[in-house]
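Here are my notes, point by point. Please read them with the coordinates open.

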Number of protein chains: 2
Amino acid sequence: MASVPRVVVIGAGFGGLAAVKALARAPVAITLVDQRNHHLFQPLLYQVATAALSPADVAGPIRSILRDQDNVHVVLDRVVGIDRSARDVCLASGKRLTYDWLIVATGARHSYFGRDEWAQHAPGIKSIEDATAVRSKVLLALERAETETDKARRDALLTFVVIGGGPTGVEMAGAIVELAHRSVSRDFRTITPHCSRVILINLASRLLQTFPEDLSAIALANLEKLGVEVRLSTPITAIEADHVVAGDERIPTHTAIWAAGVQASPAAQWLDAAADPAGRVVVDDALHPHGDERIFVVGDTACCAGPQGVALPGTAPVAKQQGQHAARAIRAAVANRPAPPFHYRNFGNLATIGRSHAVIDFGWSRVSGLLAWLIWSTAHVYFLVGFRNRLQVGANLIWNYLTYARHARLITGAHAAPAVSISQTHDLFKGEKHDRAA
Amino acid sequence: MASVPRVVVIGAGFGGLAAVKALARAPVAITLVDQRNHHLFQPLLYQVATAALSPADVAGPIRSILRDQDNVHVVLDRVVGIDRSARDVCLASGKRLTYDWLIVATGARHSYFGRDEWAQHAPGIKSIEDATAVRSKVLLALERAETETDKARRDALLTFVVIGGGPTGVEMAGAIVELAHRSVSRDFRTITPHCSRVILINLASRLLQTFPEDLSAIALANLEKLGVEVRLSTPITAIEADHVVAGDERIPTHTAIWAAGVQASPAAQWLDAAADPAGRVVVDDALHPHGDERIFVVGDTACCAGPQGVALPGTAPVAKQQGQHAARAIRAAVANRPAPPFHYRNFGNLATIGRSHAVIDFGWSRVSGLLAWLIWSTAHVYFLVGFRNRLQVGANLIWNYLTYARHARLITGAHAAPAVSISQTHDLFKGEKHDRAA
């Protein structure tokens with residue numbers, strides 16, 4: 001072992017960042033590898049997708065966040081494998097990082113349950129690019145509806161389908177219905193955004209399955225009051241560019257959004273470890289995969305049994321506490337002290353519904369309505385990384401609450417119209433109009 | 001003519017928007033066509049490219065800006081031609097818009113003076129996508145330098161070349177040198193951003209050629225004080241992925257930015273009108289091309305003689321005043337009154353240099369230094385469209401001034417690292433590292 005123990009952390013999400021910060025005063029040399037230069041505050045990403053916040057409001061450069069922590073070296077690179085015998089992390093650049101302890105916190109992506117062809121028509125929201133692509137898709141549908149003269153096609157353009165009734169799906173449906181019904185209601189001339197439909201499709205028999213049943217019922221009532229049509233116990237059997245098949249119903253739509261399932265990063269393959277069906281690495285109560293005490297797996301990429309034997313959910317608090325546990329265990333090992341096993345402390349489970357409702361399950365208590373929304377807002381702004389972001393997101397949330405404003409309504413990227421050029425004969429608008437956003 | 005005269009405005013930049021607003025109370029039916037859904041405040045776009053502002057800070061949805069103006073219909077579409085005999089504007093969607101009066105305000109793009117192959121290595125900054133692409137390019141160069149072990153390659157990664165010494169080039173060079181020297185100075189471990197070089201290359205013998213000579217000298221002195229190396233009277237003869245040839249000098253660099261020339265939109269072809277070498281439509285003192293009183297051409301796409309016979313520059317004030325003139329002339333025509341010819345009133349010419357210097361030429365007076373910067377800031381925040389943007393950009397400018405913060409340092413889009421996937425063998429980092437940002 002080198003004189004200063006080397007800790008490699010893969011991933012600067014909630015788990016990885018919490019681990020690095022908890023090692024701030026430890027006598028170790030940390031290397032934090034991420035394929036992105038920014039930490040992303042995923043719980044607010046749906047607000048970027050619905051034009052309420054800008055990307056920079058919910059993301060901060062990893063280097064800035066760790067600016068004052070001298071024992072960490074940030075590397076922008078992509079992990080392609082882990083060599084456990086050599087204790088090396090293999091990077092896409094060809095470099096290798098040798099570790100004395102390794103923390104794997106590589107998160108998760110969408111899962112289409114084997115139907116990857118659905119991804120092109122029903123994007124999920126996991127990255128900044130995902131969020132701005134969904135934002136362009138929703139806004140373009142409204143623009144196209146404004147100039148569409150055929151009623152059936154216009155109705156399809158004004159139908160938004162959210163697939164999945166977990167917190168993300170519930171939050172997206174509430175935010176889209178508000179964007180379509182209220183924020184843009186005065187901006188269009190031929191369409192009335194009140195005619196738009198938002199349909200939330202859920203396979204399970206209730207929304208927010210990880211919450212108590214009464215909160216699920218409240219969430220359902222709140223969503224329906226906002227104008228969202230909720231279909232429960234309804235499987236999706238097809239997703240195409242111009243329709244979705246939910247149960248027996250064919251729903252014409254050009255805007256489907258996926259919030260139904262996730263798949264862990266390929267850490268299980270890298271580690272040659274046992275994985276659950278979602279690809280998460282099965283870990284013991286010290287967060288080690290197959291008993292390897294040099295390695296911790298935390299966050300969305302770990303399958304860790306909770307208090308009742310049920311696997312802990314893929315939430316930010318779980319990831320943070322696991323990252324902090326790994327750091328504590330490493331500090332104990334460096335000091336030749338034994339480390340206690342990991343115990344998850346549940347401080348509450350939150351989901352927000354539209355602009356003034358939320359549900360919170362504290363375990364010992366349940367809160368819903370405006371009070372829950374205020375707690376939700378405060379907690380999210382508080383946990384946002386960086387003082388400036390807190391200030392700005394707080395100001396934006398209050399502003400949006402007061403005005404229904406959606407200031408970040410920019411259509412950019414591949415979906416935006418091309419630059420003016422008479423030589424450009426490729427025409428996004430021509431032919432079947434409903435192919436355009438496909 | 002229809003009972004209500006139809007006015008078609010192409011382009012929602014400064015000129016088009018000013019025309020539409022000046023027609024707010026006129027008895028006309030306006031259709032505003034733009035290929036984008038947002039108006040862009042181009043003078044601050046370089047701040048997006050250097051991570052100080054977010055895209056939504058400098059762009060607002062056209063529909064929101066014109067929300068309360070009932071006589072305008074906004075259409076997201078792309079113009080492909082103008083049929084003057086039928087008085088029709090032909091759209092990419094196949095639709096046609098018939099006009100009684102037409103205002104063409106389609107702006108300009110970069111011009112590489114026939115060397116279009118330079119575009120891939122030296123992007124310009126005209127759109128949101130341009131700005132975020134340049135931002136990613138600059139930030140990625142710093143990231144790659146951090147892990148580069150070869151000194152020559154690291155030096156090349158830390159060399160930033162700005163081509164063009166007009167206001168945009170001067171502003172970009174000042175902003176990049178501050179980003180590289182100050183804002184990120186504490187964020188990196190192996191590179192010291194102080195070692196980075198910013199080189200501004202100008203073909204003319206002085207910077208800011210449209211300003212008086214003493215202000216050019218002040219701009220030069222201020223830029224050099226900030227640490228920018230300025231090369232005057234220096235032509236560019238080659239731009240490749242890993243170097244630029246300026247005069248006799250081969251400058252190894254991976255980040256070249258183009259601010260040297262613009263080319264008008266193809267309006268001259270659409271109108272079959274005379275154009276100047278930059279492609280701008282030659283108009284008379286009433287802003288009509290070849291005497292067609294139904295058509296006005298305004299802003300960057302018009303070549304209009306100024307007070308001394310010199311063509312007016314492509315600036316926001318010129319575009320705004322021309323748009324307002326066209327609106328006035330249409331209102332006069334509707335009322336059967338004669339319209340006076342267009343006269344440009346020069347309220348001042350501004351350029352900013354870094355975080356606390358600017359130069360302003362009022363014609364009757366010249367200002368430089370901190371006072372000029374304060375006037376520059378106030379004017380830009382004031383002219384930003386929409387109360388919220390004003391508030392937010394004002395807050396951001398003050399915050400950045402006090403802290404040197406660059407909060408929007410996000411590497412996104414095609415240049416960002418790809419999603420984690422072990423099946424993904426394509427490797428952005430592999431091989432010749434300097435090809436990566438190409």
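Contact here means heavy atoms within 4.5 Å. The model is predicted.

1. Start with Thr301(A). Thr301(A) sits in the loop between strand 20 (295–297) and strand 21 (302–303) of chain A. Is Thr301(A) buried or exposed? Thr301(A) counts as buried, at 0% relative accessibility. Neighbours within four places in sequence are left aside in what follows. Thr301(A) then touches Val104(A), Ala105(A), Thr106(A) and Gly107(A), and also Ala264(A), Ser265(A), Ala267(A), Arg280(A) and Val281(A).

2. Next, a sheet in chain B. Its 4 strands run in the order 13-12-11-17, open and with parallel pairing. Strand 13 (228–231) and strand 17 (255–258) of chain B are the edges; each has a single partner strand, so one side of each lacks a neighbour in the sheet. From one strand to the next, the twist averages 20 degrees.

3. Look at one pairing in that sheet. Strand 12 (residues 197–201) of chain B pairs with strand 13 of chain B over 4 bridges, in the parallel sense. Val198(B) is opposite Val228(B) in strand 13 of chain B.

4. Which strands does helix 4 of chain B touch? Helix 4 (residues 128–147) of chain B packs on the sheet against strand 11 (159–163) and strand 17 of chain B. The direction of helix 4 makes about 160 degrees with that of strand 17 of chain B. Helix 7 (residues 213–226) of chain B also packs on the sheet. Helix 7 touches strand 12 and strand 13 of chain B, and its direction makes about 140 degrees with that of strand 13.

5. Aromatics. The whole structure has 10 aromatic pairs over all chains. One of them is Phe14(A) with Phe41(A): edge-to-face, 5.6 Å centre to centre, with 75 degrees between the planes. The two are 27 residues apart, and the pair links distant parts of the chain. Phe14(A) belongs to helix 1 (residues 14–22) of chain A, while Phe41(A) is in the loop between strand 3 (38–40) and helix 2 (45–49) of chain A. Phe14(A) is buried at 14% relative accessible area, and Phe41(A) is buried at 4%. Separately, Tyr112(A), Phe113(A), Trp118(A) and Trp258(A) make up one aromatic cluster.

6. Charge over a ring. Arg294(A) lies over the face of Trp101(A), 5.3 Å from the ring centre. In chain B, Arg294(B) lies over the face of Trp101(B), at 5.3 Å from the ring centre.

7. Check Arg67(A) with Asp187(B), where the closest N and O atoms are 2.5 Å apart. Arg67(A) is in the loop between helix 3 (62–65) and strand 5 (72–76) of chain A, and Asp187(B) in the loop between helix 6 (167–183) and strand 12 of chain B, so this pair joins two chains. Arg67(A) is partly exposed at 22% relative accessibility, whereas Asp187(B) is buried at 2%.

8. Within chain A, Arg87(A) bridges to Asp100(A), with closest N and O atoms 3.2 Å apart. Arg87(A) is partly exposed at 25% relative accessibility; Asp100(A) is buried at 0%. Asp214(A) forms a salt bridge with Arg366(A), at 2.9 Å between the closest N and O atoms. These two are 152 residues apart: Asp214(A) is in helix 7 (residues 213–226) of chain A, and Arg366(A) in strand 24 (residues 366–368) of chain A. Finally, shared partners join Arg197(A), Glu229(A), Arg231(A) and Glu249(A) into one salt-bridge network.

Terms used. Residues are numbered from 1 along each chain as its sequence is written. Chains are lettered from A and ligands numbered from 1 in the order in which they are written. This is a predicted model: local features need pLDDT of at least 70, side-chain atom pairs count only at pLDDT 80 or more; totals for chains, interfaces and linings use all residues. Side-chain values use heavy atoms; hydrogens and water are left out. Two strands pair if DSSP finds at least two bridges between them. Axes are lines fitted to C-alpha atoms, for helices over the stretch in contact, and angles run from 0 to 180 degrees between N-to-C directions. Rings of Phe, Tyr and Trp (its six-membered ring) pair if their centres lie within 6.5 Å; planes under 30 degrees apart count as stacked, over 60 as edge-to-face and the rest as tilted. Buried means under 20% relative accessible area, exposed over 50%, partly exposed in between (1.4 Å probe, protein chains only). A charge sits over a ring if NZ of Lys or CZ of Arg is within 6 Å of the ring centre and within 35 degrees of the ring normal. A salt bridge is a side-chain nitrogen of Lys or Arg within 4 Å of a carboxyl oxygen of Asp or Glu.
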